[in-house]
Amino acid sequence: MENDQKLSNPKKTIEIIQKYNFNFQKKFGQNFLIDSHVLNKIIAGAQVTKEDMVLEIGPGIGTMTQYLAEAARQVVAVEIDRNLIPVLKETLGDYDNVTVINEDILKLDLAGLADAYNGGKPIKVVANLPYYITTPIIMGLFESHVPVDNVTVMVQKEVAKRMEARPGSKDYGALSVAVQYYAQPYIVANVPCNCFMPRPNVDSAVIRLTCHEKPPVDTPDEHLMFRIVRAAFNQRRKTLVNAINNSPELSMDKVQVQEALAAMGLSATVRGEALSLDQFAKLSELLAG
Ligand code: SAM
């Protein structure tokens, strides 16, 4: 399809919206992209090739799907809003490598999807995400162990910064540790609000999360490590000893935590925000007993 015929041309987006008398639904986080430069950056950033099966979450009227269909072997696009299904039938009519599924992404068996459309081989996930469910979508993908190469997504700029933050910075938190346990983050582009219709109230960024083949740290008990991480950042102004001691999810006493920190060469007054992923793993190993 010629570029000026694509939906990234704002005139084409307006034409389709008017033709179908489409009403944007705030509750579904509907902000459609209308900038071809941003779309090209997303496709390049996601490293999509003709070998790939891409899962697109929330195709909207199909703006990014048109770009993905031209770059990938196969695209499976999952859209919750049934009013968009007839629209997608028209806007993606030229492509025979796109399947649209009318479902809530949080309810779909994604491992089954990777099996059915990619023989169980790792897929790529690309999305301009609905911001109200960014974290459940990304953590759901990681925790369900769907085979994934990389996840390249548009998110709120603040969220992208938190995902890639390192220990000691103000953006570093439980999300940084969780994302970095599963993947290597890289911010591909910052995207101002005028690249969308309608304009969101926040600035956005595209982040690529390249999944680790195996976690970069060893921990005997992943769940315990994440309980400690949550405790540390739920009360981030408190010392780690107090934060762990106050956590309803954990039952260690202060002396036990102080001894573990001492064994790691850390001060008894250290805060969780100073610990790296590696140190959280080590601490969970020591506290696992
Ligand atoms: N990909 C399009 C684009 O870039 O122009 C639209 C992106 S818009 C930010 C988010 C899309 O996700 C909307 O089309 C919305 O209806 C859809 N969506 C919202 N919640 C969803 C869910 N739980 N499952 C699947 N799609 C969802």
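A165 lies in the loop that runs between helix α7 (157-164) and helix α8. The structure described here is a predicted model.

Is A165 buried or exposed? Its relative accessibility is 7%, and A165 therefore counts as buried, the cut-off being under 20%. Apart from its neighbours within four places in sequence, A165 is in contact with D171, Y172, S176 and Q180. A further residue, L175, stands ten residues from A165 in sequence, and the C-alpha atoms of the two are 9.2 Å apart in space.

**The pairing of α8 and α9**

Helix α8 comprises residues 174-182 and helix α9 comprises residues 222-234; their axes come within 9 Å and cross at roughly 155°. Because angles over 145 degrees count as roughly antiparallel, α8 is roughly antiparallel to α9. On the side of α8, the contact is made by A174, V177, A178, Y181 and Y182, while α9 contributes E222, M225, F226, V229 and F233. Sorted by class, the residues of this contact are nine nonpolar, no polar and one charged.

**Salt bridges**

The structure holds ten salt bridges.

| Salt bridge | Distance (N to O) | Relative accessibility of the partners |
|---|---|---|
| E70 and K6 | 3.0 Å | E70 34%, K6 2% |
| E15 and K12 | 3.4 Å | E15 46%, K12 19% |
| K161 and E158 | 3.9 Å | K161 31%, E158 42% |

E15 and K12 are both in helix α1, and because they are three residues apart, about one helical turn separates them. Here E15 counts as partly exposed, while K12, with a relative accessible area of 19%, is buried. In helix α7, K161 and E158 are likewise three residues apart, so about one helical turn lies between them. K161 counts as partly exposed, and E158 also counts as partly exposed.

Salt bridges may also be linked to one another. In this model, R236, R237, R271 and E273 are joined in a network of salt bridges.

E56 is a residue of strand β2 (residues 53-57). With its neighbours within four places in sequence left aside, E56 is in contact with M64, T65, L68, V75, V76, A77, V78 and V126.

Notes
Residues are numbered from 1 along each chain as its sequence is written. This is a predicted model: local features need pLDDT of at least 70, side-chain atom pairs count only at pLDDT 80 or more; totals for chains, interfaces and linings use all residues. Side-chain values use heavy atoms; hydrogens and water are left out. Axes are lines fitted to C-alpha atoms, for helices over the stretch in contact, and angles run from 0 to 180 degrees between N-to-C directions. Helices (H or I, at least four residues) and strands (E, at least two) are DSSP runs, numbered from the N terminus. Angles under 35 degrees count as roughly parallel, over 145 as roughly antiparallel, 65 to 115 as roughly perpendicular and the rest as oblique. Contact means heavy atoms within 4.5 Å. Ala, Val, Leu, Ile, Met, Phe, Trp, Tyr, Cys and Pro count as nonpolar, Asp, Glu, Lys and Arg as charged, and the others, Gly among them, as polar. Buried means under 20% relative accessible area, exposed over 50%, partly exposed in between (1.4 Å probe, protein chains only). A salt bridge is a side-chain nitrogen of Lys or Arg within 4 Å of a carboxyl oxygen of Asp or Glu.
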